[in-house]
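Subject: Structure handover

Hi,

Here is the structure I promised to pass on. Have a look at it first, and then read on for what turned up.

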Amino acid sequence: MALCLAGGMSVSAQAEFRVEVTGVGMTQLPVVIAPFKGEATAPQKFASIVQNDLERSGQFKGLAFGSVQLDEMSRPDWSALRQLSAEALLAGSITRLADGRYDVRARLWDAVKGQEKADYKDTVVAADLRLSAHRVADWAYQQLTGLPGVFATRITYVTKTSGRYTLWIADSDGEGAKSALMSPEPIISPVWSPSGTQLAYVSFESRKPVVYVHELATGQRRAVANFKGSNSAPTWAPDGKSLVATLSRDGGSQLFRIDLAGGEPRRLTQAGSINTEPVFSPDGTALYFVSDRGGSPQIYRMPSQGGPAERVTFSGSYNISPAVSMDGRWLAYISRIGGQFRLHLMDVNSGQVTALSDTSADERPSFAPNSRLVMYATVQQGREALMTTTLDGRIRARLAGQGGDIREPHWGPMWK
């Protein structure tokens, strides 16, 4: 079997990404993020990573502040900052210690009041400097918005290059990608466990779809759904103890709950129609899924233990790939309109629907764990790419892959 499983996950330069932010938000906060003192000799462009993170969130606009050198001990020129209409200033330093680690310090100021707002300190090995920059961005984001940042989280996705499929784990901006699995056969539907330590996915390496659970730290994995027929579309229960997947073992495509401790899967749907792409509500009480029971694919909701299902999507005749935000307020999905597949967002309470993209081949949306961004796969200028978008669709960031066709993205949870 021509399959490579990476225990420590190998690094590939082919998986490097470039973040391109486009669009203008209505209420972007203007901030100055000064180059960190000492970053010129460090292995990462620290301030640029922080600025890219904050701008990608759609809530901040980075301002240039000339060649002025600042660190966390500086006395800022408030009049110059006010002339730029800056509302916040972030500066800091990176110092290499005798043991090879790096001391990272940052300070955030309220530029309107001319007052210090908060301080940050971290000590990391050189390999974790990029992660430290994401943590600084998370810290600044929370200080300025009151909401947790998601820049230190991870994403997963699949590429196909020269007929070979690779499952990648990367930073939230697409950088630092490492391969977790390579195969000549398709890998689809990767989903993070609630703990962020495992992935479930579907592999065709045995010439049929089989659901696996994969331990990221060790590379060990096991088949959890290898029944007669098709085994597909896994999703984790919020407690991480079970999966729901689509199985055709009894004929047709039905939803089954699979206890990871063992035992017989329990069938949740009884309709003769196709039922697939399940996803739990954040509290675990409901399942959203796609069914053609009404004649065309639509999104439905039912109790997570099974029972009567109610239709959720009514705008459009073809709606698939549901994703639910962690706050339970939003449902993202793909709608086919006039032959084009476009990302849409529904307010679960009101039912109001908004189109978030202007592309025509969008796939598989996934929410950031703070519910403020949506990631999805699409095609731009003839190339498959990952995108993130704000919930109003105004700020989109393209993560331009260098390693082949990009599919099947899923955003991981907050670091535990």
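Before the details, one term: two strands count as paired if DSSP finds at least two bridges between them. Keep in mind too that this is a predicted model.

Strand E3 (residues 29-33) and E4 run parallel, joined by four bridges. Leu 29 also has its bridge partner in E4, namely Phe 60.

Now zoom out to the sheet. It is open and has five strands in the order E4-E3-E5-E6-E7, with mixed pairing. At the edges are strand E4 (60-63) and strand E7 (115-124), each of which pairs on one side only. From one strand to the next, the twist averages 25°.

Two helices to look for here are H1 and H3. H1 packs on the sheet and touches E3, E4, strand E5 (88-96) and strand E6 (102-110); its direction makes about 145° with that of E4. Helix H3 (residues 129-145) packs on the sheet as well, touching E3, E4, E5, E6 and E7, and its direction makes about 155° with that of E7.

H1 is worth a stop of its own. In this helix (residues 46-56), the buried residues are Phe 46, Ala 47, Ile 49, Val 50, Asp 53, Leu 54 and Arg 56. After H1 comes Gly 58, with a positive phi near 85°.

So is Asp 53 buried or exposed? Its relative accessibility is 0%, and buried means under 20%, so Asp 53 counts as buried. Leaving out residues up to four places away in sequence, Asp 53 touches Ala 133, His 134, Ala 137, Phe 151 and Asp 173.

Last, the cores. The largest nonpolar core has 29 residues, and Phe 46, Val 50, Leu 54, Leu 90, Leu 129, Val 136 and Trp 139 have the most contacts inside it. E3, H1, E5, E6, E7 and H3 each give two or more residues to this core. H3 supplies the largest share, seven residues. As for Val 50, setting aside neighbours within four places in sequence, it is in contact with Ile 33, Leu 90, Ala 133, Val 136 and Ala 137. Apart from this core lies another one, of 22 residues, including Ala 323, Val 324, Ile 334 and Leu 356.

Cheers

Methods
Residues are numbered from 1 along each chain as its sequence is written. This is a predicted model: local features need pLDDT of at least 70, side-chain atom pairs count only at pLDDT 80 or more; totals for chains, interfaces and linings use all residues. Side-chain values use heavy atoms; hydrogens and water are left out. Buried means under 20% relative accessible area, exposed over 50%, partly exposed in between (1.4 Å probe, protein chains only). Contact means heavy atoms within 4.5 Å. Axes are lines fitted to C-alpha atoms, for helices over the stretch in contact, and angles run from 0 to 180 degrees between N-to-C directions. A nonpolar core is a set of buried Ala, Val, Leu, Ile, Met, Phe, Trp, Tyr and Cys residues joined through side-chain atoms within 4.5 Å.
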